[in-house]
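Work through the exercises below with the model open. Try each task before you read its solution.

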Amino acid sequence: MDPRLAALEPAEVKAVLAPFGEERTLPGAAYTSPEVFAWELDELWSRSWVAIGRVADFPERTATEVTVNGESLLVTNKGRLAASFNVCRHRGHEILGPGEQRTTSSLRCPYHGWVYDFDGRLRAAPKMSHRTDVNDIALVPVRLEVWRGWVFVAVDPAAPPLAEHIGDLDDQVAAYHPETLVAAAATSYEVAANWKFIHENYHECYHCPSIHPQLTAVTLTDSGVNHTATGAWVGGSLALRDGMETMSLDGRSHGCRIADLPESRWSEAHYFGLVPNLLISLHPDYAITHRLHASGPATTTIHCEWLFPENAVAAPEFEPTYAVEFWDVTNRQDWAACESLQRGAASRGHRPGVLGNGEDAVYQFLGMIASAYLGHGVRPIENPRRN
């Protein structure tokens, strides 16, 4: 194992990959160690595809600063989206400040006035006429791809193609046409928990009867069916209770059903977690995403966005409140649980745990992480309940 993973006992990591029913969960140091967290940023985040938003977040003729794993990036849109490191090739000054978005036709470094085209090529370098090599200078590019309306970047040029990373997840979400959905609400949460706890909590409803009375009122929490993936994702379905139209506090939809959605999905919710940072929840009439930004071993910022059919949002009486209120309640219940898990992981009394029958998707997620720790990369883990 990598020396930065010295806080983890190899035998404990290997125990995560034991057959379902014999496994153990990750040791507490996987959630608390700064060295393990630094390794994850380098190996799981920087060497992978990270979701940074939706296409609509980067309008035409704008440049936007986005920070990914501590790296400041520029995302530009001049007929097509592109990305580069937010570092001037002269002396390394940032071209845009943190979180800045600017409508412009070029990129100008505020330090010495060097100007770049949106494709990163140097256009002007004042008082540099004595340099014969200046025309060969350009911003350092970053790979960027769009999938179903979500924008992804890969800081490491050796990352596998996005299509390989996603695998057959596209087959699962295609029926919802997420690229056509429109954002009608968004919020962010600061959660005092490791990013992996957010994933793990998301992938099981064993806890739902204990902490989610609103969710259990509208869904059958033991109805989940999880998949075996070909990409770096985990997920499955959850059935709505009879008579419920969607996941809302009263079980009613105050929007409209997603166009062309197969009838078999009218009474279901589907949830998918794409490693490392995108959680997608699909409902008959809307979608919600949780986009994770891991800022420390025990700190995660979660950006939530609610997406609806365009014709629903265009209706004069439309309000996204019915979906937002439901998930705000559910989210806060989950974040409190994840923060308790984080405190437990830091306890001297913490020991790797065991999984219940309804935690098969957690087994898959933890298996992917353990595989990566052992140097095998993020490999899909077969669902043990579908053998």
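Helices (H or I, at least four residues) and strands (E, at least two) are DSSP runs, numbered from the N terminus. Residues are numbered from 1 along each chain as its sequence is written, and side-chain values use heavy atoms, with hydrogens and water left out. This is a predicted model: local features need pLDDT of at least 70, side-chain atom pairs count only at pLDDT 80 or more, and totals for chains, interfaces and linings use all residues.

**Exercise 1. Positive phi**

Task: Locate arginine 148 and arginine 61, and state the phi of each.

Solution: 
- Start with arginine 148. It sits in the loop between β9 (141–147) and β10 (150–154).
- Now take arginine 61. Its loop runs between β1 (50–54) and β2 (62–68).
- Compare with the general rule. Most residues other than glycine have a negative phi, and most peptide bonds are trans.
- Check exposure. Buried means under 20% relative accessible area, exposed over 50%, partly exposed in between (1.4 Å probe, protein chains only). Arginine 61 has 36% relative accessibility, so it counts as partly exposed.

**Exercise 2. A cis peptide bond**

Task: Which two residues does the cis peptide bond join, and what is omega?

Solution: 
- The bond joins valine 275 and proline 276. Omega is about 10°.
- Proline 276 lies in the loop between β14 and β15 (278–282).

**Exercise 3. Strand partners**

Task: Describe how β13 pairs with β12 and with β14.

Solution: 
- Recall the rule. Two strands pair if DSSP finds at least two bridges between them.
- Take β12 (residues 219–226) with β13. They run antiparallel and share four bridges. Six residues separate them in a hairpin. Threonine 219 has leucine 240 of β13 as its bridge partner.
- Take β13 with β14 (residues 268–274). This pair is antiparallel too, with seven bridges. Leucine 238 stands opposite alanine 269 in β14.
- Check the cover. β13 (residues 233–240) has seven of its eight residues buried.

**Exercise 4. Cysteines**

Solution: 
- Apply the cut-off. A disulfide is a pair of cysteine sulfur atoms within 2.5 Å. The count comes to one disulfide.
- Cysteine 205 and cysteine 208 form it, with sulfur atoms 1.9 Å apart. The link is left-handed, at -95° about the S-S bond. Both cysteines are buried.
- The closest cysteine sulfur to that of cysteine 109 is in cysteine 88, at 3.9 Å, so it is too far for a bond.
- For cysteine 304 the closest is in cysteine 338, at 12 Å, so that is also too far.
- Cysteine 109 is buried at 2% relative accessible area. Cysteine 304 is buried at 2%.

**Exercise 5. The surroundings of serine 72**

Task: Is serine 72 buried or exposed, and which side chain makes a polar contact with its own?

Solution: 
- Serine 72 lies in strand β3 (residues 71–77). Its relative accessible area is 14%, so it is buried.
- A polar contact is a pair of N or O atoms within 3.5 Å; within protein, one must be able to donate a hydrogen and the other to accept it, and residues adjacent in sequence count only if both atoms are side-chain atoms. The side chain of serine 72 makes one with the side chain of glutamate 65 (2.7 Å).
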